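I opened this notebook to keep track of what I looked up, entry by entry, with the cut-offs noted where a term first comes up.

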Amino acid sequence: MLDLKRRSRRTGLTPIALALPLALFILLCLSSSTFTSLENLANVNSQIAALLIASLGQAIVAISGGIDLSVGAVMGLTSAILVTVDPSLAVPLAYAMGIAVGLVNGLGVTFFNVHPLVMSLASMTFVQGLALLVNPVPGGVVPGYLRTLAVSEPLGLPAALFWSVGVILLAWYLLNRTRFGLRTYAVGANPASAQRNGVSAARHKVACYVLCSLAAVTAGIFLTARVGAGDATMGAAYSLDTVTAMALGGVQLAGGAGSVLGVVAGVLTLGLISNGMNLLGISPFLRAAVTGVLLLAAIGLQRREAIGA
Amino acid sequence: MIYLTRIAALTALIGSAMLTTTAALAQEEVQLLPANLIEATSPNMVPAGKFKKDGPWKIGMSFVGVGNTWIVQMIEETKLEAASNPNIGEFIFTEANWQPAKQVADMEDLIAQKVDALIVAPLAPALVKDQVAKALAAGIPVINFGTGGDILSTTVEVMGGGERFGEVGGTFLKEKLGGKGVIWAFRGIAGVTEEQQRYDGFRKAIAGTDITIGAEVYGDWNYAKGKQLCENFVLSGQPVDGIWFSGADMTRACIDVFTEAGKPLVPMTGESNNGFLRAWKGAGVDGAAPIFTPGLGPATVRAAVALLEGKSLHTHYYSSPAPIDNQNLDSYYRPDLNDAFWVTSTLPEDKIEEMFKKN
């Protein structure tokens with residue numbers, strides 16, 4: 001019993017976080033005949049896959065006590081690189097860029113004590129500008145093998161499903177079955193205490209920022225391949241959407257609490273809101289307002305607890 | 001006898017062909033907007049009856065995003081046009097908040113809902129080519145509210161603005177400045193194809209002259225951002241002989257900055273927004289404004305309706321009316337309406353007064 005309670009505190013999961021996507025799913029099943037069609041469900045999966053990948057990276061940083069606003073810009077630069085660089089070099093170069101941005105963010109936050117918001121805001125601005133310099137006008141040709149990886153239908157299932165399941169399993173394993181995951185929670189909950197127990201909090205946080213940027217690169221690759229063209233601004237909305245998704249899923253921005261299941265629930269909630277609004281013909285201007293209200297409700301109904309104090 | 005029969009058959013064939021041709025010619029040319037606002041720019045036609053379908057129809061529109069008064073008015077005009085047609089059972093409007101991924105998702109959702117016609121205003125043609133192809137493969141006619149170039153092969157293309165928009169402003173400044181001087185360029189939202197096309201048109205117009213670009217910024221087609229940027233330039237004392245704007249909200253902001261700072265106005269370009277026309281007339285600035293009518297939205301709905309009615313349409317239409325200048329300014333400016341109104345409008349006068357009457 002005590003173990004369950006402790007686990008719940010660490011995951012940040014609340015009944016609200018899990019009930020939201022479930023309630024939306026039931027509501028849409030009842031109100032739209034199109035919603036349950038295979039075509040639409042496959043669409044929803046493809047639409048949320050990039051957000052899921054980037055949000056899981058964001059969650060790792062958040063659990064460690066940070067935040068990364070450069071996620072969207074990294075996705076944009078990835079997109080720009082994929083359509084402007086030799087196809088054989090594009091993916092390695094994009095990942096190298098991701099590592100560099102993550103290192104800069106992490107080192108700035110830990111060794112230069114810059115606040116994560118300011119640090120990642122600065123890198124976001126720089127990376128976004130760089131992306132527009134590399135590819136000022138949307139277009140270009142995405143390497144064929146990436147298109148196949150993103151839009152094919154192996155075994156009759158959309159490729160996005162495999163991407164989603166893959167990153168969910170990877171993130172779950174990393175956070176729940178490795179020493180890295182345990183240390184991430186420890187550093188986020190109480191860095192001083194983690195330090196006293198032999199964990200290099202600074203080095204660990206840098207690693208979290210690098211992982212987050214790598215996740216953003218992966219999300220950028222998937223999104224660019226899915227759309228079939230490069231766009232330097234492709235990820236612009238993702239910086240805040242990833243924060244919204246993980247907050248909806250109970251990940252605490254103060255660090256030390258969060259779960260993969262929560263992030264999946266948050267991403268599903270956002271995806272279903274967007275898809276549902278289109279299917280029901282509700283004014284798109286309401287989407288942002290509804291998302292904001294849901295976020296306020298979800299956060300307001302979550303009891304804040306001091307973790308690891 | 002056989003010879004006579006052949007002659008009779010040939011005569012009948014020619015007669016029938018002539019009748020068919022006459023009937024085709026008799027089909028009234030579909031008027032998407034008044035002739036002075038739009039013209040067909042391609043001789044290629046969508047064959048009559050290709051997309052004919054019984055009503056009521058479900059028409060979907062994927063728009064790129066909101067953010068200025070032109071878009072708000074265009075959406076209102078488009079929705080009113082759809083609502084006034086009894087054969088349109090449902091008109092689904094989506095906006096992508098300037099996000100490529102959201103626009104792709106919106107289009108997928110509209111196709112899944114089995115719309116009878118799809119109107120798309122793409123953030124960039126390359127970003128939606130898969131969804132356009134998917135809709136066409138499903139037998140859904142696609143009306144491109146934009147320029148697709150070689151990338152998008154939509155059923156019908158309806159557009160204005162673009163390079164021509166930028167060119168009008170660039171040509172005006174070139175003439176006013178006598179081909180030499182320093183220009184500031186206020187651009188729209190970075191990465192948007194329409195923005196790039198306007199800028200390209202402007203650069204084309206001043207190419208080969210001694211005009212230099214002293215400063216170039218992205219004002220996001222926004223009054224507040226435009227004002228900040230213009231203030232920075234004016235306060236820094238940078239030289240300027242003329243200013244090119246990708247959108248009139250930024251022009252209005254810059255006229256305000258010049259007036260507040262007591263700096264003599266230089267020739268500026270704008271567009272057909274009533275707020276800009278008011279500022280233009282009030283400040284007495286030397287200006288030129290290409291007309292980018294919000295009526296293009298209703299024109300796309302009319303194109304969709306024509307296709308579903310089985311009518312033949314040209315494949316390309318372009319709107320490039322004669323620009324507003326200091327001579328004809330009074331015939332466009334509406335002092336009784338507020339700054340959010342854009343000329344020329346398809347709205348009925350009572351609706352215009354209801355929506356835009358100045359308090």
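In which loop of chain B does B:Thr344 lie? I found B:Thr344 in the loop between helix H11 (329–332) and helix H12 (349–356) of chain B, where helices (H or I, at least four residues) and strands (E, at least two) are DSSP runs numbered from the N terminus. The peptide bond that leads from B:Val343 to B:Thr344 is cis, with omega near -5°.

Before going on I noted that this is a predicted model, in which local features need pLDDT of at least 70, side-chain atom pairs count only at pLDDT 80 or more, and totals for chains, interfaces and linings use all residues. Residues are numbered from 1 along each chain as its sequence is written, while chains are lettered from A and ligands numbered from 1 in the order in which they are written.

**Backbone entries.** I also looked up the peptide bond from B:Gly55 to B:Pro56, which is cis with omega near -5°; B:Pro56 lies in the loop between strand E2 (45–46) and strand E3 (57–63) of chain B. Phi of A:Asn113 is near 55°, a positive value in a residue other than glycine, and A:Asn113 sits in the loop between H5 and H6 of chain A. A:Asn113 is exposed, with 8 other C-beta atoms within 10 Å; a residue is buried if 20 or more other C-beta atoms lie within 10 Å of its own, exposed if 12 or fewer, and partly exposed in between, with C-beta atoms placed from the backbone. Phi of B:Trp221 is near 60°, again in a residue other than glycine, but B:Trp221 counts as buried because 25 C-beta neighbours fall inside 10 Å.

**Helix H6 of chain A.** The 19 residues of helix H6 (residues 116–134) should span 27 Å at 1.5 Å a residue, and the end C-alpha atoms are 26 Å apart, which agrees; the expected span is 1.5 Å times one less than the number of residues. Its buried residues are A:Pro116, A:Met119, A:Ser120, A:Ser123, A:Met124, A:Val127, A:Gln128 and A:Ala131. They cover an arc of only 155° around the axis, so they are on the same side of H6(A), the arc being that of the directions from the helix axis to the C-beta atoms. On the other side of H6(A) I noted A:Val118 and A:Leu133 as exposed.

**Helix H2 of chain A.** In H2(A) the buried residues are A:Ala17, A:Leu20, A:Pro21 and A:Leu28. These fall within an arc of 80° seen down the axis, so they line one face of the helix, whereas the face turned away from the buried side carries the exposed residues A:Pro15, A:Ile26, A:Cys29 and A:Leu30.

**Where the chains meet.** I found 24 residues of chain B in contact with 28 residues of chain A, contact meaning that the C-beta atoms of two residues, placed from the backbone, lie within 7 Å. On the side of chain B that touches chain A, the largest share, 8 residues, comes from H3(B).

A:Arg10 lies in helix H1 (residues 2–11) of chain A and is partly exposed, with 19 other C-beta atoms within 10 Å. A:Arg10 and A:Ala257 are 247 residues apart in sequence, yet 4.6 Å apart in space, C-alpha to C-alpha.
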